[in-house]
Amino acid sequence: MPRRAGRHFLQIPGPTNVPDRVLRAIDFPTMDHRGPDFAELGKGVIAGMKRVFKSTRGEVVIYPASGTGAWEAALVNTLSPGERVLMSETGHFAALWQKLAARLGLEVEFIPGDWRRGADPEAIEKRLRADGEKRIKAVCVVHNETSTGVVSRIPDVRRAIDATGHPALFMVDTISSLASIDYRHDEWRVDVTVAGSQKGLMLPPGLSFNCISSNALAASKTARLPRSYWAWDEMLAHGKGGYFPYTPATNLLYGLRESLAMLLEEEGLDAVFARHQRHGEATRRAVRAWGLEVLALDPREYSGSLTAVMTPAGHDADRVRKVILDAFDMSLGTGLGKLGGKVFRIGHLGDFNDLALMGTLAGVEMGLELAGVPVKAEGVQAAMEYLSDCAKAPARQAA
Ligand SMILES: *Cc1c(COP(=O)(O)O)cnc(C)c1O
């Protein structure tokens, strides 16, 4: 392979670009994870993660695992064999979580969806009302469905559950939304939040998280699904002192300490969320100016993390992706599951700024033309105008 000068554009919706500072923080001698210095690191990152979950009073555990591990942990710690869970088919990741639950021996009721909308609070409310025997033990929703670029309205789902008085636990997958889209574990009374390191947290893959409410913790005392590696009790017992029951991913925790400083102390979560919203809006304006369609249908559910773009019939989205990779050294997300060949996904989350987005959109615009997709070459201009307007607003305020 000949060398390709400059940086590869990694614009998939996770793993995301890792800031140089975080890479440098990881590049540090591994320490004794049972030694005295480790406790400070362990306690620090757990406290920082609690702030990312919006200053939760709940518990946080950190696994050396991909997000899928934290999905499994949420279920095996709280449920018993044969128990029923209610899930919503928002897209590929919801389908994977459903499959995982079924493989664990849970009975899954899957509310069907068209992969263009978020979880439907009314449908969830209807199902819970019909469950007179309270057989449903958990409602599980993917917050930001990474296969579609659709954000489920978690507060509305919470209200729907509350309206029925049903005691089911509420579990939310925030793997591609935490630290990029506003999310509040305590305020929205979520029982288990699932998260991962390689998206909004700007780390390489390899860490995942459960944020745990007191109700979920109580459920874990009687839940009977087998668990050992994922067991909360030992994680929490060791976590009190800043330690882990087994070897943690020490160097990734150095990286997490750095990214938490950047997110919480230096940029601030509200500014992080606003930046992602801005980039989502700029991207959607570009898509429409090209004459293409965004997959997400409901403006209340647009994602700040990524945009799934539909290619016109007869134009294979994966071919567009290949043309862009070959010509411009940029990776875009493929269409997952039944969206294969029909959409490509532009990731705009993590360590990202206006000009990186403009480079990304320029690559997409040129690539669409190269691939022979009939588009108007006006998307970059539309995004640029929006970003300039956004830049003028705070400048005016400062003046
Ligand atoms: C990335 C992602 C996952 C899967 O996480 P892994 O780290 O690949 O195991 C699950 N859910 C959502 C919403 C995701 O974006």
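## Exercises on a predicted model

Arginine 275 counts as buried, at 9% relative accessibility, where buried means under 20% relative accessible area, exposed over 50%, and partly exposed in between (1.4 Å probe, protein chains only). The model is predicted, so local features need pLDDT of at least 70 and side-chain atom pairs count only at pLDDT 80 or more, while totals for chains, interfaces and linings use all residues. Residues are numbered from 1 along each chain as its sequence is written, and side-chain values use heavy atoms, with hydrogens and water left out.

### Exercise 1

**Solution.** Next, look for contacts, meaning heavy atoms within 4.5 Å; once neighbours within four places in sequence are left aside, arginine 275 touches Glu267, Gly350 and Phe352.

### Exercise 2

Describe the residues around the ligand and state how much of the ligand the protein buries.

**Solution.** Start with the shell, in which a residue counts as near if one of its heavy atoms lies within 4 Å: there are 13 residues around the ligand, and Ser66, Thr68, Thr146, Asp173 and Lys199 come nearest. Sorted by class, the shell has 4 nonpolar, 7 polar and 2 charged residues, and helix α3 (residues 67–78) supplies the largest share, 3 residues. Then consider the individual distances: an oxygen atom of the ligand lies 2.5 Å from a side-chain N or O atom of threonine 68, with the corresponding distance being 2.6 Å for serine 66 and 2.7 Å for glutamine 198. Taken alone, the ligand exposes 390 Å², of which the protein buries 88%, the areas coming from the Shrake-Rupley method with a 1.4 Å probe.

### Exercise 3

**Solution.** Burial can be read separately, since cysteine 140 is buried at 2% relative accessibility and cysteine 211 is buried at 0%. By this rule the count comes to 0 disulfides.

Conventions. Polar contact = N/O pair within 3.5 Å; in protein donor to acceptor, adjacent residues only side chain to side chain. Helix = DSSP H or I, 4+ residues; strand = E, 2+ residues; numbered from the N terminus. Nonpolar A, V, L, I, M, F, W, Y, C, P; charged D, E, K, R; others polar. Disulfide = S-S within 2.5 Å.
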